Amino acid sequence: ATAAAGFTFSGTLNASSGLTTPAGHIIQVKDVTSTTKLTTSSASWSAAGDLTLSITPKFATSKILVSYFLSTRTYRSGSHDSQSRFGISRDGGTTILIGTQTRSYDYGGSGIIVNNGLAKSFLDSPNTTSQITYQVYFYHATGSNTEINTYGNNNPPSDESSIVLMEIAQ
């Protein structure tokens, strides 16, 4: 049936036989928040505990907007620069899809703490209707150690990190 201009629909719509979503529209949103304190002093990528999230795209042509926010703290020991790296991977792969780096510089003392709130977003094109899992990874390149969810004196909500996934119609 064709609706005339100004037509108003009330009730429910059964879209079980399919629904065409205009390009650019959000099809679904998934999110997870973590307050679990995570620490590493390793110079290799480590999975960031419960900062993982799955989505099953409705269409293979969809793009997934991946956004993450990390509440972090980096400790520096000695008189060396301290570097931490953060990123996210798809389906447990070793390839970091998007990442960032934090660095504290030598100010002449030990025990320097650098607090950071890191936010990153990117558009992924997984080309599948199978479930996809995104996982945050981090490592401490130099210095003492790196923590997630310890930004502000260990008191939520400043000690929360999150991932948001949005399926975008193409």
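Predicted model: local features only at pLDDT ≥ 70, side-chain atom pairs only at ≥ 80, totals over all residues.
A salt bridge here is a side-chain nitrogen of Lys or Arg within 4 Å of a carboxyl oxygen of Asp or Glu.

Residues are numbered from 1 along each chain as its sequence is written, and side-chain values use heavy atoms, with hydrogens and water left out.

**The whole chain.** Switch to a cartoon view: you will find 0 helices and 10 strands (DSSP runs numbered from the N terminus, with H or I of at least four residues for helices and E of at least two for strands). Of the 170 residues, 34% count as buried, where buried means under 20% relative accessible area, exposed over 50% and partly exposed in between, with a 1.4 Å probe and protein chains only. Contacts are heavy atoms within 4.5 Å; among those with a separation of 6 or more, 80% are between residues 24 or more positions apart.

**The salt bridge.** Select Asp124 and Arg90, whose side chains meet at 2.8 Å, N to O. Asp124 sits in strand 7 and Arg90 in strand 5, so the pair links distant parts of the chain, 34 residues apart. Side chains of opposite charge can pair when their charged atoms come close. Are the two partners buried or exposed? Asp124 is buried, with a relative accessible area of 7%, while Arg90 is partly exposed at 28%.

Ser54 belongs to strand 3 and counts as partly exposed at 27% relative accessibility. Leaving aside neighbours within four places in sequence, Ser54 is in contact with Lys30, Gln131, Ile132, Thr133 and Leu165. Zoom in on Thr133: its side chain makes a polar contact with that of Ser54 at 2.7 Å (a pair of N or O atoms within 3.5 Å; within protein, one must be able to donate a hydrogen and the other to accept it, and residues adjacent in sequence count only if both atoms are side-chain atoms).

**The nonpolar core.** Next, select Ile88, Tyr134, Ile163 and Leu165, the residues with the most contacts inside the largest nonpolar core, which has 20 residues. Such a core is a set of buried Ala, Val, Leu, Ile, Met, Phe, Trp, Tyr and Cys residues joined through side-chain atoms within 4.5 Å. Strands supplying at least two residues each include strand 3 (46–55), strand 5 (82–90) and strand 10 (161–168).

**Strands 2 and 9.** Move to residues 38–40 and strand 9: 3 bridges join these antiparallel strands, and strands pair if DSSP finds at least two bridges between them. Thr39 stands opposite Glu147. In strand 9 (residues 145–148), Asn145 and Glu147 point one way, Thr146 and Ile148 the other, and all are buried. Now select Thr40, in strand 2, which is buried at 7% relative accessibility. Beyond residues up to four places away in sequence, Thr40 touches Ser46, Phe138, Tyr139, His140, Asn145 and Thr146.

**Last stop.** Finish at Asn127, in the loop between strand 7 and strand 8. Its phi is near 50 degrees, a positive value in a residue other than glycine. Asn127 counts as exposed, at 57% relative accessibility.
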